[in-house]
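Keep the sequence and the model side by side. The tour goes from strands to sheets, then to a loop residue, a helix and the ligand.

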Amino acid sequence: MSQRRVDHEVVIVGAGFGGMGAGIEFKRLGVDDIAILEREDDLGGTWHVNHYPGLAVDIASVTYSYSFEPNPYWSRLFAPGAELKRYAEHVADKYDLRRHMEFGAVVERADWDEAKECWAVRTADGTVRTARYLVTATGFLSQPHTPDFPGIDTFAGDIIHTTAWPDGYDFGGKRAAVIGTGATAVQLIPEIARTARELTVFQRTPIWVVPKIDFPIPRPVQHLFARIPLAQKAARAVNTSLLEALMVFGVLHYRQAKPGNRLAALLAKTHMRLQVRDEAIRRALTPHYDFGCKRPTFSNTYFRVFNQPTVHLETATIDSVVPGGIVLADGRRVDVDTLVLATGFNLWDANFPAFTIVGRDGRDLGKWWREGRFQAYEGISVPKFPNFLTLNSPYSYSGLSYFTTIEGQMKHIARLFGEMRRRGATRFEVTERANAEFLDRATRNLASSVFYAGDCSTSRSYYFNQHGEATLLRPNATLTTLYEQANFPVSDYVYS
Ligand SMILES: Cc1cc2nc3c(=O)[nH]c(=O)nc-3n(C[C@H](O)[C@H](O)[C@H](O)COP(=O)(O)OP(=O)(O)OC[C@H]3O[C@@H](n4cnc5c(N)ncnc54)[C@H](O)[C@@H]3O)c2cc1C
């Protein structure tokens with residue numbers, strides 16, 4: 001693509017589905033000099049790191065996959081995590097991505113070099129690689145959050161964060177505690193409850209849980225999908241439309257479409273009513289924020305465990321951890337042998353961005369976002385950051401299957417680099433004007449969403465940044481997003 005000497009034409013950071021999608025798109029554009037730097041020892045991102053019991057996708061698998069690489073052989077409607085990992089391996093092999101990947105490469109910093117017109121990307125071992133183009137695909141949910149309760153270092157039993165699961169861990173005869181009740185905990189808790197002597201679930205924020213219509217996909221249907229891909233495409237379209245309707249009417253247009261939102265909440269409450277016998281527990285499990293403020297989840301087994309005499313729901317604040325257990329703010333103590341931290345991820349502090357990135361005129365991306373506003377044109381590029389694309393950025397997430405996000409971004413890359421090629425350019429940068437207009441539009445559109453028009457005050461949702469602004473989700477319907485990302489005005493960038 002360009003003539004000047006750099007180590008790589010493109011450096012992509014992260015070998016999850018985002019980084020792999022970007023790699024595929026660059027290869028389609030004819031770029032082969034790509035380095036994909038990944039700090040883990042294998043590819044797959046989320047689906048490599050997470051392997052706790054019960055892990056499964058919570059968006060139907062026909063939808064949670066690249067549209068151009070359907071997998072007819074998903075074993076269930078919601079495939080288990082290990083299948084996602086195998087799917088990632090299949091994609092890497094088929095699209096010849098492995099030879100571009102370097103594992104154990106922890107990227108610490110990237111600086112734009114204006115004189116040489118390239119990025120200098122430094123890894124923890126001190127190596128610096130230069131690249132014409134830098135793409136960060138470091139994930140939203142990839143930097144684990146570990147709570148710092150006083151005394152946690154003194155705990156005498158095992159402490160397990162869900163991202164570092166010791167495979168085959170046996171809870172038999174143990175008193176377990178799970179801290180957190182997000183989507184991961186909802187999958188994990190029924191698994192632990194099967195064998196633990198006692199299980200205490202520490203809940204700070206309840207979660208909306210709707211029934212999970214999950215079943216094994218029969219062989220004949222898999223064969224049908226394999227032989228007639230159009231059949232699977234139709235299944236994908238139906239599923240996407242259902243999710244889209246929930247998103248548009250329940251979340252994005254809450255102000256105009258409250259009944260859709262209320263209906264979803266009613267479904268979740270009825271589900272709980274049918275599954276949990278004790279009224280006080282039901283009350284404690286009921287969220288006090290509107291449906292959609294925080295990512296809701298699906299489960300048929302979560303609520304039921306609270307009927308077991310061995311499972312206890314604890315809503316009191318945790319004061320500290322002692323060698324034998326957890327001390328609560330009201331003075332009570334819960335004895336614990338194994339402490340499971342289902343405490344999620346440090347999204348806004350550690351992922352935006354995942355390492356120091358300094359663009360033109362010394363603009364530090366992390367500082368600029370924090371001191372000003374979180375923003376990224378089309379959820380992918382930032383003014384003063386030439387030749388840089390950030391896939392996990394403010395306003396980039398569609399809120400549906402992550403693949404709708406990455407495929408929109410792949411379209412954006414195709415259009416941008418197609419335009420550069422047409423102009424014979426090697427450099428791009430989004431204009432301040434286009435970025436400001438996008439931010440205005442996003443802010444305006446969000447005003448009628450549940451985040452602003454609803455009551456999210458008690459949701460503690462990762463959709464909100466540290467200023468309390470909902471700047472993670474792209475406030476558009478998927479089709480609008482895909483159209484915009486594939487057809488943005490080319491004058492929104494300057495090229496040279
Ligand atoms: C338990 C769990 C369940 C989920 N279920 C769903 C679901 O059902 N549906 C859905 O749409 N989404 C789900 N998600 C979100 C999921 O993260 C995305 O769907 C998708 O996998 C994100 O892909 P990614 O490539 O953007 O990020 P990731 O898969 O997180 O990959 C990012 C990669 O970047 C690497 N990295 C980060 N920082 C650095 C660095 N400094 N140097 C080098 N490498 C670095 C990480 O090691 C990681 O491999 C789930 C997430 C989790 C954690």
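**Strands, a helix and a ligand**

Strands β4 (residues 107-113) and β5 (residues 118-123) pair in the antiparallel sense over six bridges. Strands here, like helices, are DSSP runs numbered from the N terminus: E, at least two residues, for strands; H or I, at least four residues, for helices. Two strands pair if DSSP finds at least two bridges between them. The model is predicted: local features need pLDDT of at least 70, side-chain atom pairs count only at pLDDT 80 or more, and totals for chains, interfaces and linings use all residues. Residues are numbered from 1 along each chain as its sequence is written, and side-chain values use heavy atoms, with hydrogens and water left out.

Stay with β4 and β5. They form a hairpin with four residues between them. In that turn, Glu117 has a positive phi of about 50°. β4 also pairs with strand β17 (residues 356-358), this time parallel, through three bridges. Arg109 shows both pairings. Its bridge partner in β5 is Arg122. In β17, the bridge partner of Arg109 is Thr356. The general rule covers both cases: strands of a sheet pair through backbone hydrogen bonds, either parallel or antiparallel.

Next comes an open sheet of five strands. Its order is β7-β16-β8-β9-β12, and the pairing is parallel. β7 (158-161) and β12 (311-314) stand at the edges with a single partner strand each, so one side of each has no neighbour in the sheet. From one strand to the next, the twist averages 20°; axes are lines fitted to C-alpha atoms, for helices over the stretch in contact, and angles between N-to-C directions run from 0 to 180 degrees. Look at the β7 edge. Four bridges join β7 to strand β16 (residues 338-341), and the two run parallel. Within this pair, Ile160 stands opposite Val340 of β16.

Another open sheet has three strands, in the order β13-β14-β15, with antiparallel pairing. β13 (318-322) and β15 (333-335) are the edge strands, and each pairs on one side only. Here the twist averages 20° from one strand to the next. β13 pairs with strand β14 (residues 325-328) over four antiparallel bridges. Val322 stands opposite Gly325 in β14.

Now turn to a loop residue. Ile152 sits in the loop between β6 (128-136) and β7. Is Ile152 buried or exposed? Ile152 counts as buried because its relative accessibility is 12%; buried means under 20% relative accessible area, exposed over 50%, and partly exposed in between (1.4 Å probe, protein chains only). Leaving out residues up to four places away in sequence, Ile152 touches Pro147, Ile159, Val321 and Leu339. Contact means heavy atoms within 4.5 Å. For a sense of scale, Ile152 and Ser393 are 241 residues apart in sequence and 32 Å apart in space, C-alpha to C-alpha.

Move on to helix α14 (residues 478-487). Thr478, Thr481, Glu484 and Gln485 are buried there. Why do they lie on the same side of α14? They cover an arc of only 130° around the axis, which puts them there; the arc is that of the directions from the helix axis to the C-beta atoms. An α-helix has 3.6 residues a turn, so residues three or four places apart point the same way. On the other side of α14, Leu479 and Tyr483 are exposed. The buried residues of α14 pack against α6 (229-252), α11 (402-423) and α12 (432-446).

Thr404 is in helix α11. Thr404 counts as buried, at 13% relative accessibility. Neighbours within four places in sequence aside, Thr404 is in contact with Ser398, Thr478 and Leu482. The side chains of Thr404 and Ser398 make a polar contact of 2.6 Å. A polar contact is a pair of N or O atoms within 3.5 Å; within protein, one must be able to donate a hydrogen and the other to accept it, and residues adjacent in sequence count only if both atoms are side-chain atoms. A polar atom of the Thr404 side chain also lies 2.7 Å from the backbone oxygen of Ser401.

Finish at the ligand. It is surrounded by 36 residues, the closest being Glu38, Thr46, Asp58, Tyr64 and Tyr402; a residue is near a molecule or strand if one of its heavy atoms lies within 4 Å of it. A backbone N or O atom of Asp58 lies 2.6 Å from an oxygen atom of the ligand. Side chains take part too. An N or O atom in the side chain of Asn392 is 3.3 Å from a ligand oxygen atom. For the side chain of Trp47, the distance from an N or O atom to an oxygen atom of the ligand is 3.4 Å.
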